[in-house]
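Subject: Structure handover

Hello,

I am passing this structure on to you. Please open it and keep it beside this note as you read.

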Amino acid sequence: MQVSIKWLKDYIDFTETPEQLADKLTMAGIPVENILDPGEGLEKVVTGRIEKLEPHQNSDHLQICTMNVGLKENIIIVTGAQNVAEGQIVPVAMVGAHLPNGMKISKGKLRGVVSNGMLCSAQELKLDLEKLPPEQKTGIFILPSDTPVGIPAKEVLGLNDVVLEFELTANRADCFSVVGLVREIAAITGNKPHFPEIKVTEDDETKLGDIFSVEIADPDLCSRFSTRMLKNVKIGPSPEWMQQRLEGAGIRSINNVVDVTNFVMIELGHPMHAYDYDHIAGKKLIARRAVEGEELHTLDDTSRKAKGEMLVIADTEKAAGLAGIMGGFETEITDTTTTVVLESADFYGPCIRRTARACGLSSEASGRFERGIDSETTIKALDRAAQLLQEMGACTVCQGIVDVYPNPKQPAYVTFTTEQINKHLGTDIPKQTMIDIITSVGFEITKDENDEITVKVPSWRNDVSRMADISEEIARLYGFDKIASTLPSGASMQGSQSDKQTFIDKVKASLSAQGLCETISFALTNEATFDKLNVPKDDMLRQAIPIMNPLSDEYPLVRTTLLSSIFDNLSRNLARKNDNVAIFEVGTVFYPKALPVTELPNEVVKIAGAITGRRHAHIWNQPNDMVDFYDVKGIIEELFADLRVTRYTVEAGTHYAMHPGKTALFKKGRDVLATIGEVHPAVLANYGISKPVYIFELDAKTVMKYMAKDFKYKSLPKYPAMTRDLAMLVATDINSADIEKAMTKAAGQNLVQITLFDVYTGKQVEAGKKSLAFSLTFQSNDKTLTDAEVNTAIEKIVAKLQKDFDADLRA
């Protein structure tokens, strides 16, 4: 909200400069965000009369003006303007002026004649061109002929004012008005306000109740609806002083009726609306919920389809406007309007906020209704508007007011003691000081016995309901700077990350270090995604929680698998010709305990990723290999090494989205740490992907369970290692992990490392067999091993492999 200093001084006298006043208001909890000077740049612009006008001898378009600017002697100004004449009063920028459009005025010579300033146009002064007649929009700006000479131009143009721009919090709805701000200034400065007396003369014989009625069909959305009628209305411009006050509030003048409703809204904080009585069907206004799909033709000449939760003001045939936001096109005030119905009501704030956002029509009025207005001000607002128009001679006022107020607002009371306030604030404020402070902003003392004080809360203070609110009022007006700063008492502790947060950070660091890019997605999905991923029809993953108000029809469910987000991001990248993709995501999936949801679902952190494309960058010194199953396997092995997860096994497995026979499980006992594999061809086809993709999926809680938590350090071996290679033929269905496990068990403690370095199937190997070659490393911490000791271990290993796997040793 913004308001001019002149408007504030209409109702209260103060000597503070705008800067001082802004500082005091801000310290009292009414923050001033900015101080605006509408006349900035006009400091050296004065009014001047053209005493003599003659053509320039050395130019066919320049003219020499002899100007009277209130000095002892006239000055000479050379101009190229063609719309000036002798005797006219114009704004003159003197030498040294820095105009609002950025132009600096200096003494200069034009075709041999010295020019001592410049005659100004409306554009150079940055005036509002919308308010000017066509002839004043271009050329030199001509002032009225009775304008005094030599006075500052900003006084003549009504720009000798200062505007305060407030950044008010939503709870201080009462300060979204000049009257509310004046109350605060009175409390801060100690000066008494002098509000205008609101008095209406009902000078028309027509009784409003005989020809017009009002109905509230939905009291939960409209608590009060009041109207007053004006007849013999004369539409025209509003007085200059009112236009200036509205302009200071950031509102453009339209006509006297509309300007008065806006003026009262800013003055009293109560939005109003004016209807053309002759266009109201049935001579009745109804506050009701909109009919679903009902057409609304609003003042911006736009047709809208209403929704059932919206509140409209309707006549007996149609909706005449969106309540609290914008009136209807058919009932707007025009130059032919002669009878006006003024509406002043109190609408339910959340409803107005939802409607304004849905229609994109936030306004000064809707902003006030959203924050809550004073129901008790509706009649006062009607009378004030009628009074202003009556004083302009623009109308006569009908007898009576139609006021529907089914559930009058009951006054609120708050009881407190000085001890409670002082204990709450950590102060020692005297009782009388508290009473003086609280009464200065409109609270009424109804009880003062035995140090217990009860106050009646003003109707406009919807934010005050308990002792803590009273203490805030006392603290801000007493002065926060007078309250000693103290540290809160109590035990303090150092903040730290949880184990889960630390684990996630380590996972992200490891995967990022391996060249994968992290993605972040909304935890939303849809039913079609389960079909794309080949999720079985009876799988629990399909029991996804539906969203009551989804952002779009595309994502109506909460995800149960992180792969849905991974595949969305993967397909989006591939569709944009980003052919080499390596991504991962750490996110939450949601498993409901039952559907429909009656309690919070289980939230499980998952880790998933996908790779496809080239293994290396596409440059001349790198091979053109594509990633394969062993790349994704290596990613998980490296991740587990960083997390210190050891002694796991890798075995074949199945997964709904992965290729049969190309899926592996990292296991620790019966727990599955990770699932990796090549994506099923059907899944690739469903996402329109034509190249192999390899994915992985982990459960964070399971992996955390097997992370090494206690570390034991030992010195490096002093004695050398010995390496032996062992090649064998085994059946193709035998897992190399099982062979490694058997070798470890047979060899004893000196076998420290087993590496599979060759796998071969081909012409030289009989059908149903495969050749495996292992490198075995032996080392002792106590001594140097002899060939005999290693040979003995090799013999045990060979015997074990022959017994368990029918292995044939190869030379």
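Predicted model: local features only at pLDDT ≥ 70, side-chain atom pairs only at ≥ 80, totals over all residues.

Helix α5

Start with α5, which covers residues 178-189. The helix has 12 residues. From its first C-alpha to its last it reaches 16 Å, close to the 16 Å expected at 1.5 Å a residue.

How much of α5 is covered? Mostly: 10 of its 12 residues are buried. Among them are Val 178, Val 179, Leu 181 and Ile 185. Arg 183 and Glu 184 are on the buried list too.

At the start of α5, Ser 177 brings a side-chain oxygen to within 3.0 Å of the backbone nitrogen of Gly 180. After the helix comes Gly 190, with a positive phi near 85 degrees.

Helix α8

Next is α8, residues 256-268. This helix has 13 residues. Its first and last C-alpha atoms are 18 Å apart, close to the 18 Å expected at 1.5 Å a residue.

α8 is mostly covered, with 12 of its 13 residues buried. The buried residues include Val 257, Val 260, Phe 263, Met 265 and Leu 268. Asp 259 and Glu 267 are buried as well.

At the start of α8, a side-chain oxygen of Asn 255 comes to within 3.1 Å of the backbone nitrogen of Val 257. Gly 269 follows the helix, and its phi is positive, near 80 degrees.

Where α8 meets α11

How do the axes of α8 and α11 cross? They come within 9 Å and cross at roughly 135 degrees. Because of that angle, α8 counts as oblique to α11. The crossing is right-handed. To find α11, go to residues 378-391.

Strands β31 and β32

Now move along to β31, residues 649-652, and β32, residues 658-668. The two strands run antiparallel. How many bridges join β31 to β32? Four. Together the strands form a hairpin, with five residues between them. For a place to look, take Ala 652, which stands opposite Ala 664 in β32.

In a regular strand, side chains alternate between the two faces of the sheet. Keep that in mind as you trace the pair.

Best wishes

Technical notes. Residues numbered from 1 in each chain as written. Heavy atoms only, no water. Pairing = 2+ DSSP bridges. Expected span 1.5 Å × (residues − 1). Buried < 20%, exposed > 50% of the residue type's maximum accessible area, 1.4 Å probe, protein only. Polar contact = N/O pair within 3.5 Å; in protein donor to acceptor, adjacent residues only side chain to side chain. Axes fitted to C-alpha atoms, helices over the stretch in contact; angles between N-to-C directions. Parallel < 35°, antiparallel > 145°, perpendicular 65-115°, else oblique. Left-handed = near helix turned anticlockwise from the far one by under 90°.
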